[in-house]
Amino acid sequence: LRNWRGNAGAGGVRTLAVVGTVRRLEVTAMALTLGEGGGSRLRRQLESGGFAAGEYVKQLSQQSDGDRDLQEHRQRIQALSEETAQSLKRNVYQNYRQFIETAREISYLESEMYQLSHILTEQKGIMEAVTQALLLQADRDDPTLGARRAAAADPFLPLSAKEAAANEEGRQRTLTTLLEKVEGCRDLLPESPGKYLVYNGDLVEYDADHMAQIQRVHAFLMNDCLLVATALPNRRGAYRYDALYPLDGLAVVNVKDNPPMKDMFKLLMFPESRIFQAENAKIKKEWLEVLEETKRNRALSEKRRLEQEALPRPAPSPPESTNPFEEDEDEEEEPSAEEEVVDLSLEWIQELPEDLDVCIAQRDFEGAVDLLDKLNEYLGDKPVSQPVKELRAKVDERVRQLTDVLVFELSPDRSLRGGPRATRRAVSQLIRLGQSTKACELFLKNRAAAVQTAIRQLRIEGATLLYIHKLCHVFFTSLLETAREFETDFAGNNGCYSAFVVWARSSMRMFVDAFSKQVFDSKESLSTAAECVKVAKEHCKQLSEIGLDLTFIIHALLVKDIKGALQSYKDIIIEATKHRNSEEMWRKMNLMTPEALGKLREEMRSCGVGNFDQYTGDDCWVNLSYTVVAFTKQTMAFLEEALKLYFPELHMVLLESLVEIILVAVQHVDYSLRCEQDPEKKTFIRQNASFLYETVLPVVEKRFEEGVGKPAKQLQDLRNASRLMRVNPESTTSVV
């Protein structure tokens, strides 16, 4: 007991660690059964339902013989915890795979249910069409049957509507009452014979996106339109006009109940939609059935009217005349009278407006345009009569709706995924509708937004050159894909290619802005800037595969930044050269080791100085000053990097920069030669001057001519000078 008390005092901290570990295991003790088998006593003890961590630690402290037992027990518990964690990970992984498989099966089932729902909808439409055909045939056989059915068959019609079916005066009185209740609709809803009220009631409108209540409305359903009015505050039974929708362009959709949102239905008026909630399920059902029945009756009445108008009417017999030429005139006019009759009673023409609505709702844009082409082909050589004008007006409304939907498909607000091919469907249908200019404009706006988004999503990390590689790859690949897709979509519209060139220029300006901000605004070195510009030029040349050359545009946009970079680096070289000149002692270089001398030889050889060995002496000595050697290496490095950036607009900038840099060294040598009194140093200065004039300047001139393609007269004049540049002989200060 004394030993235990001593050890317990020394191991108090470890005992607390064991308590913490055991309490954490208490949380996961119920999950231990998921692990693989292992029937140890410790495992069974921790798995028991009545396990208490405090009692367990108290008992363990009493039974342990010193600190070592507590350490061993803690290690066993820790090992058991790690084993349990691994077991849990394995089970989670297995359940995760089962979850993925279950989700896939649910997706398949959802697709099959959607197909089944689509098939049932088609079957319902077929049955309704058959029923209507049978009713129409029965109405033709017995004209009174249709009137009796319209007046008494529908149990949901209000009493005023039934009276209106029998009494024209009652219909007109009902409509007059409606106009008195609703403010602002008298001009929009003129009184006309045949228009009557079918159904009306209070509804609550909800927001289609957030399902938030907007307002309470009162809807009036007439035989050819639906009027929506809002209640006036503090005036019972009075309403204000809100909207009027013709039944021809109205679609009714049942909204599935999702508590607390229930008893709702949606009205589709392309391209907008509104959601209303009825008072209860019964009223909702009445609204749905009355709307469908009224739309159906409207379509049937419109079809009968068109059939009657399509029937040829006998022309009244003209009075007899003694004019001998009148007979010939009648013969000439007879064919024109026959041409005025256009058969619009065909089933597909009668159902064309509704078919267009269905195609637009189902996003079957190709089917809608096919129907329009079919109608245009049918009416192409037909005369323009009044029925044709009315049909054209209905079709033109659907064309505007279809155009709005296609325009929305190409708007940048839509998802930009899928690349340029994702826009092909909408673009092709707009072109078929005769709106190639609008299609071109929307396509290019969509692609501009996609390119801009892709550039913004690039992460600026790592070296600048790595980011420029990514930027060029993203931009020029997108530009190339856009050009190929544009050539495919607008192959027969040559007038749109100028718009693409203008778009490509604006896109290139956006690319150059991002390029310059990363390369030139961040003050990168000239070598890094040269490599980045080289990468951009190489990617730009890829556009020549499709006959598009934008190299001149990228040159024009980058010339200002490159000029600034060249002048900035020139100033750095001049300042460094002046600083070395101020400390010049005109001494030979001692490189100390043969390795250093060999490295200098390689550097000078890479600069183009092939006769450098004649300026080296014994024991690692170089018969040139450090200032001249450093100037040579820095000048040649500047020339090499500048040639990577070169294009014709930079010719004079590069040439003037080289001349300024060389003049600094030449003036310093001339001044030192004139002012130096020591004969040995004067000889050494002449040797350095000879190296500059006979070796460095010819190498600069040759390399410049190779990189540019033509000689530089300024460099030739500088090299061919018969004497060193002179300064004022009486001056004792250097012009440097």
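Asp 489 counts as buried, at 14% relative accessibility. Buried here means under 20% relative accessible area, exposed means over 50%, and partly exposed lies in between (1.4 Å probe, protein chains only). The model is predicted: local features need pLDDT of at least 70, side-chain atom pairs count only at pLDDT 80 or more, and totals for chains, interfaces and linings use all residues. Residues are numbered from 1 along each chain as its sequence is written, and side-chain values use heavy atoms, with hydrogens and water left out.

What does Asp 489 pair with? Its side chain meets that of Arg 424 in a salt bridge, at 3.8 Å from N to O. This pair links distant parts of the chain, with Asp 489 in helix α17 (residues 464-489) and Arg 424 in helix α15 (residues 424-432), 65 residues apart. Arg 424 is partly exposed, at 34% relative accessibility. A salt bridge requires a side-chain nitrogen of Lys or Arg within 4 Å of a carboxyl oxygen of Asp or Glu. Helices (H or I, at least four residues) and strands (E, at least two) are DSSP runs, numbered from the N terminus.

The structure holds 23 salt bridges. Side chains of opposite charge can pair when their charged atoms come close. Asp 571 and Lys 570 form one of these bridges, again at 3.8 Å from N to O. Asp 571 is partly exposed at 41% relative accessibility, whereas Lys 570 is buried at 9%. Elsewhere, salt bridges that share partners join Glu 128, Glu 293 and Arg 296 into one network. Within it, the closest N and O atoms of Arg 296 and Glu 293 are 2.7 Å apart. Both residues sit in helix α9 (residues 281-310); they are 3 residues apart, so about one helical turn separates them. Glu 293 is partly exposed, at 28% relative accessibility.

Back to α15. Its buried residues are Ala 426, Val 427, Gln 429 and Leu 430. They lie on the same side of α15 because they cover an arc of only 165° around the axis. That arc is taken over the directions from the helix axis to the C-beta atoms. These buried residues pack against α13 (365-378), α14 (386-410), α16 (436-456) and α17. Contact means heavy atoms within 4.5 Å. After α15 comes Gly 434, with a positive phi near 85°.

Helix α4 (residues 53-63) also has a buried face. Ala 53, Tyr 56, Val 57, Leu 60 and Ser 61 are buried. They fall within an arc of 130° seen down the axis, so they line one face of α4. Glu 55, Lys 58, Gln 62 and Gln 63 are exposed on the other side.

Next, a helix pair. The axes of α22 (residues 626-644) and α23 (residues 651-675) come within 11 Å and cross at roughly 180°. Therefore α22 is roughly antiparallel to α23. Axes are lines fitted to C-alpha atoms, for helices over the stretch in contact, with angles from 0 to 180 degrees between N-to-C directions. Angles under 35 degrees count as roughly parallel, over 145 as roughly antiparallel, 65 to 115 as roughly perpendicular and the rest as oblique. Residues of α22 in the contact include Phe 631, Phe 638 and Leu 639; those of α23 include Leu 654, Ile 661 and Ile 662.

Finally, Val 699 lies in helix α24 (residues 679-708). Val 699 is buried, with a relative accessible area of 15%. Not counting residues up to four places away in sequence, Val 699 touches Cys 607, Gly 608 and Met 636.
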